[in-house]
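Let's take a walk through this model together, one region at a time. Please keep the structure open beside the text.

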Amino acid sequence: MKRTMMSLIGAAVALAAVTGVATVAAPAPGGAAQAVAPGGSRLPVQRSALLCPPPASSAVGETTYTSFVPAGAGAAGKAGEDGKTGKTGKTGKKGTAQLLPAGSVKESGGKDGKDKGGGAGGGQQAAAPQDTKPVAPLTEAGKPVTATTDSAGAPALVGAADGAFAPGWTVQQTTSIAAGAGRGLLGLSCVAPDTTFWFPGVSTDKDRQDYVHLTNPDSTPAVVDLELHGKDGALRAAAGENISVPPHATVPVLLSTLTGAPATDATLNVIAREGRVGAAVQAVDAKLGGDWLPAAADPAPGAVLPGIPGDATSVRLVALAPGDADADLKVQLATPTGLITPAGVETLHVKSGMTTAVDLKDITKGEAASLVLTPTDSGSKTPVVAALRVTRGTGDKQETAFIPATRPVGERATAADNRDKGSTLTLVAPEKGKDAKVKVTASAGSGGGTPVSKTYTVKGGATLAVEPPRPQGLKGSYALTVEPEPGGGPVYAARMLAQPQGGIPAFTIQTLPDDRGSVTVPTARQDLSLLTD
């Protein structure tokens, strides 16, 4: 009996290490006590999935994919030359990480993997050839791999990493468009599949073309509902219900087709009723260029939106309270010297189910900052979602990007695709009096270079914007990994990549939430005093 019970516990703990199970429990004959000991161990995840939507369709566009996994923390293995066969690294672990065009992933239940039921919404992407080669397969940890395409019809990518390459795997998709609708720099950290996404800041206005791209990573169809909320509440349309996303395929939906009346500021909720999807919104403005609008952090009583550039000429805040109660928020700006309250926007009242927008104008006044939203009543639990639309430049030389509310960095976060020039890293410790020390590591370059690390101190309640370290002897692009030191206050981060185009201040901003590269596996504790042979 003793041997049997201990074997069951060991198997349960091993399963937790793979799946991230938070508790371990099993029935114990004879009243034996089974408990989870305090604490537990942090173990690297064994699998990761990322989805990259189709890049902007343009005859004058070029898209770069950058794949990266930080060295260490379970990522010490090496892959084979073709990125398919893992080699054993010093830790004895193997790993692979690669992207495949949507539609090219082989199905276990059929020859071609095509969906038999069709799709709704904006049409489905055609399946790619079965012999399509992997895109940017990783060969080693700590060194990014890049791939470039100038195809106007480039497909969505479905990515998977396992073993040593799973913890912290990051893929950046960056598109540069020289002219026409959506011109500028469009950047996105490819997303993990999920069942719910919130996008405050979408629009169905006549000057905007916003598409939500839904990508299914799995071998069974997904069914998705799209819900839009405008300034007066829900914008209902039958076209947003029961959208079928075939296996390993992507479906784009033009948001203006979901409502008859244009909405300048709206919030999109993506709900997968069956299966799971990756979702991202491509926002194209006829006058202000375009960028990707990533999903905001899950609804919470407060929000942190890091990385507003100092030269922003216009900042617009969009928020929604998705629950049954209104939200009253205190609006603060975390500046380089501490928290301040913007004149005229001390508080924000957000009605339940209604999108609220406020123009913050040139709120940063020449200094990089971050927006911090907290309940006016410290005991309030009313959740909100929020995002910023940021504009740089003036006249016909304007460009926009988006900053959604984000999760804290936690243990570690990474921004891939940094160039020799143009990157700005913003760190904010939003809680007054809780300073934080943050280690920032510049990886080796995709074409060569030696990693460099630097530690920064961020004052509690303040924002620190820096030109990040660069690898020695840099060739190609590199990744930045951010790791707060234990004992400090929470840290939020964002990376701005600026690449001017003929007088237009083209730029894109990516937030850096925790990469969720590890899970806590509790220690199972068995009281053997109650067991008998």
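Throughout, helices (H or I, at least four residues) and strands (E, at least two) are DSSP runs, numbered from the N terminus. This is a predicted model, in which local features need pLDDT of at least 70 and side-chain atom pairs count only at pLDDT 80 or more, while totals for chains, interfaces and linings use all residues. Residues are numbered from 1 along each chain as its sequence is written, and side-chain values use heavy atoms, with hydrogens and water left out.

Let's begin with the whole chain. The chain contains one helix and 39 strands. Of its 533 residues, 53% are buried; buried means under 20% relative accessible area, exposed over 50%, and partly exposed in between (1.4 Å probe, protein chains only). Contact means heavy atoms within 4.5 Å. Among the contacts with a separation of 6 or more, 81% are between residues 24 or more positions apart.

Where is the disulfide? The structure holds one disulfide, a term for a pair of cysteine sulfur atoms within 2.5 Å. Cys52 and Cys190 form it, with 2.1 Å between their sulfur atoms. This pair links distant parts of the chain, 138 residues apart: Cys52 belongs to strand β2 (residues 47–52), and Cys190 to the loop between β10 (184–189) and β11 (196–202). The torsion about the S-S bond of Cys52 and Cys190 is about 110 degrees, so the disulfide is right-handed. Both Cys52 and Cys190 are buried.

Now follow the chain into β11. Two strands pair if DSSP finds at least two bridges between them. Strand β11 pairs with β17 (residues 266–274) in the antiparallel sense, over six bridges, and Thr196 stands opposite Ile271 in β17. Strand β17 is also joined to β13 (residues 222–230), by seven bridges, and these two run antiparallel. Here His229 stands opposite Thr267 of β17.

Next come the aromatic rings. A pair of aromatic rings is described by the distance of the centres and the angle of the planes. Rings of Phe, Tyr and Trp (its six-membered ring) pair if their centres lie within 6.5 Å; planes under 30 degrees apart count as stacked, over 60 as edge-to-face and the rest as tilted. A search of the whole structure finds one aromatic pair. Phe197 and Phe199 form this pair, which is stacked, with 6.4 Å from centre to centre and 20 degrees between the planes. Phe197 and Phe199 are both buried. Elsewhere, Arg392 lies over the face of Phe507, 5.0 Å from the ring centre; a charge sits over a ring if NZ of Lys or CZ of Arg is within 6 Å of the ring centre and within 35 degrees of the ring normal.

Further along, look for an open sheet of four strands in the order β29-β36-β31-β33, with antiparallel pairing. Strands β29 (413–418) and β33 (452–458) stand at the edges, each with a single partner strand, so one side of each is left without a neighbour in the sheet. Neighbouring strands of this sheet are turned by 20 degrees against each other on average, direction ignored; axes are lines fitted to C-alpha atoms, for helices over the stretch in contact, and angles run from 0 to 180 degrees between N-to-C directions. Four bridges connect β29 with β36 (residues 478–484) in the antiparallel sense, and the bridge partner of Ala413 in β36 is Val482.

Two single residues show how separate stretches of the chain meet. Thr146 lies in strand β7 (residues 145–149) and is partly exposed, at 34% relative accessible area. Leaving aside neighbours within four places in sequence, Thr146 contacts residues including Thr64, Tyr65, Ser446 and Ser477. Thr382 sits in the loop between β26 (369–375) and β27 (385–392) and counts as buried, at 16% relative accessibility. Not counting residues up to four places away in sequence, Thr382 touches Ala300, Pro301, Ala325, Asp326 and Ala327.

Finally, a look at the backbone. Most residues other than glycine have a negative phi, and most peptide bonds are trans. Asn242 has a positive phi of about 55 degrees although it is not a glycine. Asn242 is in the loop between β14 (233–235) and β15 (243–245) and is partly exposed, with a relative accessible area of 47%. Lys361, not a glycine either, has a positive phi of about 55 degrees. Lys361 is found in strand β25 (residues 355–361) and is exposed, with a relative accessible area of 54%.
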